[in-house]
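Please look over the chain shown below before reading on. The briefing that follows takes up charged side chains and then a group of strands.

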Amino acid sequence: MANSYLEANMTGNTASTRMTFSCWIKINKVDEDGRIFGAQANACHAYFNGDGRLNIDFAAKDSGSVSAKLLTSRKFRDTSAWYHIVFALDTTLGTADDRIKLWVNGVQETAFDTRTNPGQNDTYAYGQSGYYNVGARSSNTGSAGHYFEGYISHAAYVDGSALAPTVFGETDSTSGIWKFKSPSGVTWGNNGFHLKFE
């Protein structure tokens, strides 16, 4: 439904340098910018542009302005398909391109129209005190907007660890299709969650 979303007011993140978000989505509309995940105003957003390119934005801690960003070259326009999206942040890594990673259906995205890497050991605003939404943009006042037009399943947020997509999915040995795998052995951190939406 167009105005459906979940919201939580969280406090005290595990780390401001590492996180992972994973979810399965099916889009109903290509020409919209509804948020898949939105963390406290501009802290972190995952959404599609109107033309179907996928955006991942992070705002620096205490600044409120986007300072790290991925914008895919590839356009996601198939309204009949399920996409598994995983993005992970780890600013402690020495190689700049390793600090933000994005996978779709288990395959790492490497072609970006925009790529702005965080500096080593930069800290980010997600996970601090504030509102967090799945399916909408969040704000510091708890008001939502930019609702996601589509379906979301198995949304997972890991606070304090950067994980690979194989924690949440695997290739079916018979069909070769990427499929859901129940995450196990995950240290979720202070604010982590796994919302099955079953």
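Which side chain meets that of R18 in a salt bridge? The partner is D90, with N and O 3.5 Å apart, a salt bridge being a side-chain nitrogen of Lys or Arg within 4 Å of a carboxyl oxygen of Asp or Glu. The model is a predicted one, in which local features need pLDDT of at least 70 and side-chain atom pairs count only at pLDDT 80 or more, while totals for chains, interfaces and linings use all residues. Residues are numbered from 1 along each chain as its sequence is written, and side-chain values use heavy atoms, with hydrogens and water left out.

**Salt bridges**

- The structure holds seven salt bridges, among them the pair of R18 and D90, which links distant parts of the chain, since R18 is in strand β2 (residues 18-27) and D90 is in strand β7, 72 residues apart.
- Strands here are DSSP runs of E with at least two residues, and helices are runs of H or I with at least four residues, numbered from the N terminus.
- R18 is partly exposed, at a relative accessible area of 31%, whereas D90 counts as buried at 12%; buried means under 20% relative accessible area, exposed means over 50%, and partly exposed lies in between, with a 1.4 Å probe and protein chains only.
- R115 and D97 also meet through their side chains in a salt bridge, at 3.2 Å from N to O; because R115 lies in strand β10 (residues 112-116) and D97 in the loop between β7 and β8, this pair ties together parts that are 18 residues apart in sequence.
- Both partners are partly exposed, R115 with a relative accessible area of 28% and D97 with one of 42%.
- Salt bridges that share partners join D51, R53 and D113 into one network, and within it the closest N and O atoms of D51 and R53 are 3.0 Å apart.
- D51 counts as partly exposed at 21% relative accessibility, while R53 counts as buried at 17%.

**R99, a buried arginine**

- R99 lies in the loop between β7 (83-90) and β8 (100-104).
- Although R99 is buried, it has no salt bridge, and D122, the nearest side chain of opposite charge, is 6.8 Å away; for charge, Lys and Arg count as positive and Asp and Glu as negative, while His and the chain ends are not counted.
- The side chain of R99 reaches the backbone oxygen of L93 at 2.8 Å, and the backbone oxygen of P118 likewise lies 2.8 Å from a polar atom of the R99 side chain.
- Apart from neighbours within four places in sequence, R99 is in contact (heavy atoms within 4.5 Å) with residues that include A88, L89, D90, T91 and G94, as well as G119 and Q120.

**Strand β8 and its partners**

- Strand β8 is mostly covered, four of its five residues being buried.
- β7 and β8 pair in the antiparallel sense over five bridges, where pairing requires that DSSP finds at least two bridges between two strands.
- Within this pairing, W103 in β8 is the bridge partner of V86.
- β8 is also joined by two bridges to strand β9 (residues 107-108), and these strands run antiparallel, with V104 standing opposite V107 in β9.
- In the hairpin of β8 and β9, two residues sit between the strands, and N105 takes a positive phi near 55°.

Notes:
Polar contact = N/O pair within 3.5 Å; in protein donor to acceptor, adjacent residues only side chain to side chain.
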